[in-house]
Amino acid sequence: MTSQTLLVDFPAVIKSKVLEKLNIYSILTLRKVCHNLREFIGKNQSKATDTVIDINLRGSSIEIALTLQETKRIYLYNNENECTMSWGYLDDFNSITFENECFIDVFLREFEAIMKHHWRPVLDSVSVEMYGNRDYSNLHNMLNKIKYLHSEKISFEDCNPIQIGEMFSFFDVKCLNKIVIEDCFKKTADEDLLPITSTVHWKSARCVVYRGKDFDLKIQDFLHFSDVEIKCNSTPIQDIASLKEEFLKSPTLTRFVIKNYYYPTERLSAVFGDPSTQSDNEWFFRIPNSEDVVHLTESLLDISFSRIKNKDVPVGAVIKY
């Protein structure tokens, strides 16, 4: 009978070569095989490339999504006096329980291994979702234990401006590129977005998506971004006119989209004149001392400004001054 050689029995140099071929999800799975492999992987410095890492913090659970060619997910949550960790793809999941341990502590161990073998020290995205839960104590406990996260993108869903402003302090502002805010809600009638817009994170990011509710937005709070998408149905027409002027002089603005926004074409024509083309509701405006132009389009629900090259203007379109 032929004896079977296990991976744990191979020389260290061979095991290291194997690790170099694995993605992060496979490395995490291999850590769970036995103590010897877990110890060896803990001492190994191999880096898994190209994996996209997204973390979802829900206050009562954590989800880690690892994407290479397909997305594998790791779920951690408390179940009475134990933590349950499930991992897998779609409906094919394995589970393990940790008695008398909190899911945050188990996450921190997994997270340490993930970042040790990730090809860069920055996450692709971190999202915070409360889904109407107004008790932030678990979330604050979680963030206090994690302490600091480095992520290119931060998303908040169903959170309050004060809570979002406080949570920014747990993220590295230097690597932050994009902020996404969904369903931001008011606790009191006189609340505004100042706890968010006054932060250094807001002022330093380059892209923003805002889909809040009940708040009156100030266009000037978004003008420092290069790419903006907001859901808003109450912006005065004079703000749309001033936004065009900002595009003419700003070196950073490249796209500004206002969703769920409806004004009859006649109102835009009253401000900007007749459309630049006959077939669409669109206008082109020349930027002084530049090869770029401002492109304004209006659909039934959206208004969009973008900065494009002069050569990309359709033949026959009128470029306004």
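The side chains of Lys311 and Asp312 form a salt bridge with an N to O distance of 3.6 Å, a salt bridge being a side-chain nitrogen of Lys or Arg within 4 Å of a carboxyl oxygen of Asp or Glu. Lys311 is exposed, at 70% relative accessible area, while Asp312 is partly exposed, at 46%; here buried means under 20% relative accessible area, exposed over 50%, and partly exposed in between, with a 1.4 Å probe and protein chains only. The model is predicted, so local features need pLDDT of at least 70 and side-chain atom pairs count only at pLDDT 80 or more, whereas totals for chains, interfaces and linings use all residues. Residues are numbered from 1 along each chain as its sequence is written, and side-chain values use heavy atoms, with hydrogens and water left out.

In total, the structure holds 21 salt bridges. One of them joins Asp105 to Lys145, with the closest N and O atoms 3.2 Å apart. Asp105 belongs to helix H4 and Lys145 to helix H5 (residues 137-146), so this pair ties together parts that are 40 residues apart in sequence. Both helices are DSSP runs of H or I with at least four residues, strands being E runs of at least two, numbered from the N terminus. Asp105 is partly exposed, at 30% relative accessibility, and Lys145 is partly exposed, at 34%. The salt bridge between Asp124 and Arg120 has its closest N and O atoms 3.0 Å apart; Asp124 is buried, at 19%, and Arg120 is buried, at 18%. A network of salt bridges links Glu182, Arg211, Asp227, Glu229 and Arg255.

Buried residues of H4 include Phe103, Ile104, Phe107, Phe111 and Ile114.

Strand S12 (residues 282-286) is mostly covered, with 4 of its 5 residues buried. S12 runs antiparallel to strand S13 (residues 292-298), to which 5 bridges join it; two strands pair if DSSP finds at least two bridges between them. Within this pairing, Trp283 has Leu296 of S13 as its bridge partner. The two strands form a hairpin with 5 residues between them, and Asn289 in the turn has a positive phi of about 55°. S12 also pairs with strand S15 (residues 319-320), in the parallel sense and over 2 bridges. In S15, Ile319 stands opposite Phe284.
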